[in-house]
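Thanks for coming. Please have a look at it first.

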Amino acid sequence: MKLRVTSYSGAATGLGRLLMLGTFAWLSGPAFGQMKLIENGLGQSFSQLPFVSPTNFSDSLIEQARQTGAVRDFCQQVKVQYQRYKWLENPCGNVKWRADLHTRLGRPLIYAEFGTVSTETTLLLGGVHADELTPINLAFRFARYLDEHPGIAGAQAHVIIAPLVSPDGFLRQHPTRTNANGIDLNRNFFTADWYDKAQKIWQQNRRRVLAHFPGYFPNTEIETLFQIELIDRYRPDKILSIHAPLGFLDYDGPGSGVLRPLTSTEAKAKRLVKAISESSQNYKVVDYTFYPGSLGNYAGNERHIPTVTLELQTTDPRKCEAYWQQFEPGISQTIRYPFVRTPALDLPNEIDNATPFSTQYPQKIGKKTI
Ligand SMILES: [Zn+2]
């Protein structure tokens, strides 16, 4: 069996690079030709790449997703699923959705862009865990809101919204936390600690709960690569990822878990979560540890992009209107929050007398996981 590796162009360039890092790095030379056993760095060998093979990432995959008809059909599928929860709106509205990639089950990974490119950029993600229904509704609604009110993003903000990162998990009889390959997309990012810890933590702490399975390799999932691609392409100054039902705001990024006085940049980044809290009826804020392979770890901890996880209180589809009322102001504030990352972020002489933010919040809460 031969691995087919197609050339990548345009938007797919980043993906090609990621594949090289995330998967091919673990293939030895002969494996390309003969497909012998492949080691994953954890003492486990496979006769073929588990779940996802590089053949999935072909040009045809990208072309199919770009067909407007594919997005239109997909929006119709989401609308039908919406009706099961008595959500009567049209989720996609008139937003100009784009899709460069599609999932294993052929669904386009849609996203939309709003505002002005040269301003600071916010990436908003929903539906990473597709059994968490309320964030999906909220993210789609915010996209329609920006589309219908162009002045909200306007000249001051640049916003990228991917409202349904795991469409295969959502468009099921019973939506699931994992994608079609049974992978928890918030554990599959290639973080530095992935090979050391992802499977160990899954086996020990999570007692092998399948819904939290990180995969046998990192970066195997197209939905993971989709998020990385958006981060690489748009270089967001901050990220807001919406989940449920833990009921708090969690921050990862500059200043998170720092025990020394924060730099002014760190303090400013960290104040973002406080600002969202204040405009959301003083929503609870926690400083929560991140997991191997999570977005908070990948983007916030490793790449210093302020990353806020908004955990809504429930996944109850009847609560969507209430959550919109509660969190629209905070999300709108997020996209306008004046934080632009600077190269000086890590310079030690930038430390000033800002109050360490983390002392105000508990370091851990319970055993729940984002
Ligand atoms: Zn979640």
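Before the metal site, some terms. Donors are N, O and S atoms within 2.8 Å of the metal, or 3.2 Å for Na, K and Ca; water is not among the atoms, so sites may look incomplete. Four donors count as tetrahedral if all angles lie between 85 and 135 degrees; four count as square planar, and six as octahedral, if opposite donors are over 155 degrees apart and all others between 65 and 115; anything else is irregular.

This is a predicted model, in which local features need pLDDT of at least 70 and side-chain atom pairs count only at pLDDT 80 or more, while totals for chains, interfaces and linings use all residues. Residues are numbered from 1 along each chain as its sequence is written, and side-chain values use heavy atoms, with hydrogens and water left out.

Now the zinc ion. Its donors are His129 (ND1), Glu132 (OE), Glu132 (OE) again and His243 (ND1), at 2.1 to 2.5 Å. What angles do the 4 donor atoms subtend? They run from 55 to 143 degrees, so the arrangement is irregular. For reference, the ideal angle for four tetrahedral donors is 109.5 degrees.

In sequence, the donor residues follow the spacing H-x2-E-x110-H. The two histidines link distant parts of the chain: His129 sits in the loop between β5 (121-125) and α5 (133-148), and His243 in strand β7 (residues 238-243), 114 residues apart. Helices (H or I, at least four residues) and strands (E, at least two) are DSSP runs, numbered from the N terminus.

Are these histidines buried or exposed? Buried means under 20% relative accessible area, exposed over 50%, and partly exposed in between, with a 1.4 Å probe and protein chains only. His129, at 1%, therefore counts as buried, and so does His243, at 2%.

For the whole protein, there are 12 helices and 12 strands. Of its 370 residues, 58% count as buried.

Next, strand β8 (residues 248-252), which holds Asp252. Asp252 is buried yet has no salt bridge, a salt bridge being a side-chain nitrogen of Lys or Arg within 4 Å of a carboxyl oxygen of Asp or Glu. The nearest side chain of opposite charge is Lys270, 9.1 Å away; for charge, Lys and Arg count as positive and Asp and Glu as negative, with His and the chain ends not counted. What does Asp252 touch, leaving out residues up to four places away in sequence? Its contacts (heavy atoms within 4.5 Å) include Tyr288, Phe290 and Pro306.

Asp250 lies in strand β8 too, and counts as buried because its relative accessibility is 1%. Its side chain reaches the backbone nitrogen of Tyr288 at 2.8 Å.

Last, some backbone geometry. Most residues other than glycine have a negative phi, and most peptide bonds are trans. The peptide bond from Ala244 to Pro245 is cis, with omega near 10 degrees, and Pro245 lies in the loop between β7 and β8. Arg235, in the loop between α9 and β7, has a positive phi, near 45 degrees. With a relative accessible area of 56%, Arg235 is exposed. Gln281 also has a positive phi, near 55 degrees. Gln281 is in the loop between α10 (264-278) and β10 (285-286), and at 60% relative accessibility it counts as exposed.

Note on methods
A polar contact is a pair of N or O atoms within 3.5 Å; within protein, one must be able to donate a hydrogen and the other to accept it, and residues adjacent in sequence count only if both atoms are side-chain atoms.
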